[in-house]
Amino acid sequence: MKRLVTLLILAVFFIPIAEAQNTNSIPKDEELQEINESILAEAYQLYLHEKAARILEDIFFGSDSKAKNTVEGWVPITEDGITVKGVFYNKEKTRAVYEATFNIQTGEASSKDSIRDLTADEKDKIKIRETIINAVRTLDNLPACPEGCTFNVQTRMIDEDLYRVYFMLGTSQRGVIPFGCDFSYDCDSKGNVKEFRRYHNSYIPAPLTMDGEPVQEFIHSHTSICPYIAPTDIALFLLYGYEPTGLKGFKVYSSALKCYFVFDAENYEIKVERR
């Protein structure tokens, strides 16, 4: 019988939900459910776009499209909450030269050469995304990326003229979930930073095996400043833990609320284990 290997990770985490900060008592059930559902919704969008980015880029660069020589970049368009379309555009940022779509529920993907003018909405998304990312990358306090990792950058609109730029770790190292060293900036469409959030202070690589045995459970703790599970934690767990190995979830111990928050990947829910 294989022994159960539990990996305990000590982490400092900053929750991106204002209502969750500086709390020393567990919320009422209705409020707690609302907080957890908000975290799950945000995590799902991070996961959806990160997975779609991998697949759409693989489709494009693995194709025999002549557009490869003319592409400047691409912009993701979420069509229905489960399908992401990648619009690849030319160096002048005036024409769409290739399109690929991916449905996360069915796994279906399609692509085509698309020689057409960019729509006004697509041009606007490209301009805002580039403006914000370029502005953020020049900031003096931009945290360093750990060795062996890269920052995967996502930009999402969260309110009228307010965008959140996520920096979430990616790694080509097999057998590791790259928790930690993730952060975000809230900016307006001109790249002016309104707020900075750092979700973990350091890189916390979580190995999927220890001493040759598979890790069956991950536990890390959050302080009173950050009592809940991070959306970035969930997204990374799905990408690097659940999908390749079938790991069912992980726990966060909240020292402030004196309880465990348990992410159940199979049912996509957060449960609460009170002490």
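The second largest pocket is lined by Arg54, Thr171, Ser172, Gln173, Arg174, Gly175, Val176, Leu208, Leu239, Tyr240 and Pro244. On a 1 Å grid over the protein atoms alone, a pocket is an open set of points where a 1.4 Å probe fits, with protein on both sides within 12 Å along at least five of seven lines, and lining residues have an atom within 4 Å of a point. The model is predicted, with local features needing pLDDT of at least 70 and side-chain atom pairs pLDDT 80 or more, while totals for chains, interfaces and linings use all residues. Residues are numbered from 1 along each chain, and side-chain values use heavy atoms, without hydrogens and water.

Helix 3 (residues 231-245) contributes three residues, the most of any element, to its lining; helices (H or I, at least four residues) and strands (E, at least two) are DSSP runs numbered from the N terminus.

Turning to the largest pocket, the volume is about 880 Å³. Its lining comprises 31 residues, with Val75, Pro76, Arg129, Gln154 and Thr155 nearest the centre. Helix 2 gives the most, eight residues, and among the other elements supplying at least two are helix 1 (29-61) and strand 6 (149-159).

Phe167 is buried (under 20% relative accessible area), at 0%. Beyond neighbours within four places in sequence, its contacts (heavy atoms within 4.5 Å) include Val136, Leu142, Phe151, Cys181 and Tyr185.

How values were computed:
Grid points are joined across faces, edges and corners, and a volume is the space filled by probe spheres set on the points. Buried means under 20% relative accessible area, exposed over 50%, partly exposed in between (1.4 Å probe, protein chains only).
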